[in-house]
Amino acid sequence: MKEGKKPPLKYPQKSHRVPKKDITGKQFGLLTVIGYDKDGKWFCRCKCEKIVSVKSNNLHYGNTTSCGICGNRKAAIDRTID
Ligand SMILES: [Zn+2]
């Protein structure tokens, strides 16, 4: 008897219920998305190296653009393009 893991139904998605839209690597203000957390939240690395978990809605609507410690100064956002 197997227990614990059920075979996936008909969802052609990765495990752990990763949202359809993968935003890993995207940048939102001071935050760079580094991976999926859970419950619609994404791990982001702030410019100050702090890792925070932010709801995707807050990223998309621009509500959250930093770790919250760096302050909400919009002027603090500077772009670095590789
Ligand atoms: Zn920060």
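Student: Where is the place of Phe-28, in which strand?
Tutor: First, residues are numbered from 1 along each chain as its sequence is written. This is a predicted model, where local features need pLDDT of at least 70, side-chain atom pairs count only at pLDDT 80 or more, and totals for chains, interfaces and linings use all residues. Strands are DSSP runs of E with at least two residues, numbered from the N terminus. Residues 27–28 make up one of them, and Phe-28 sits in that strand, E1.

Student: Is Phe-28 buried or exposed?
Tutor: Buried takes 20 or more other C-beta atoms within 10 Å of a residue's own, exposed 12 or fewer, and partly exposed lies in between, with C-beta atoms placed from the backbone. Phe-28 has 22 C-beta neighbours inside 10 Å, so Phe-28 counts as buried.

Student: Which residues is Phe-28 in contact with, leaving aside its neighbours within four places in sequence?
Tutor: Contact asks for C-beta atoms, placed from the backbone, within 7 Å. With those neighbours left aside, the partners of Phe-28 are Leu-59 and Thr-65.

Student: In what order do the four strands form the open sheet?
Tutor: Two strands pair if DSSP finds at least two bridges between them. Here the pairing is antiparallel, and the order is E1-E2-E3-E4.

Student: Which are the edge strands?
Tutor: Look for strands that pair on one side only. Those are E1 and E4.

Student: How many bridges join E3 to E4?
Tutor: E3 covers residues 41–45 and E4 residues 51–55, running antiparallel. Among the bridge pairs, Trp-42 partners Val-54, and Arg-45 partners Ile-51. The number of bridges joining E3 to E4 is five.

Terms used
Contact = placed C-beta atoms within 7 Å.
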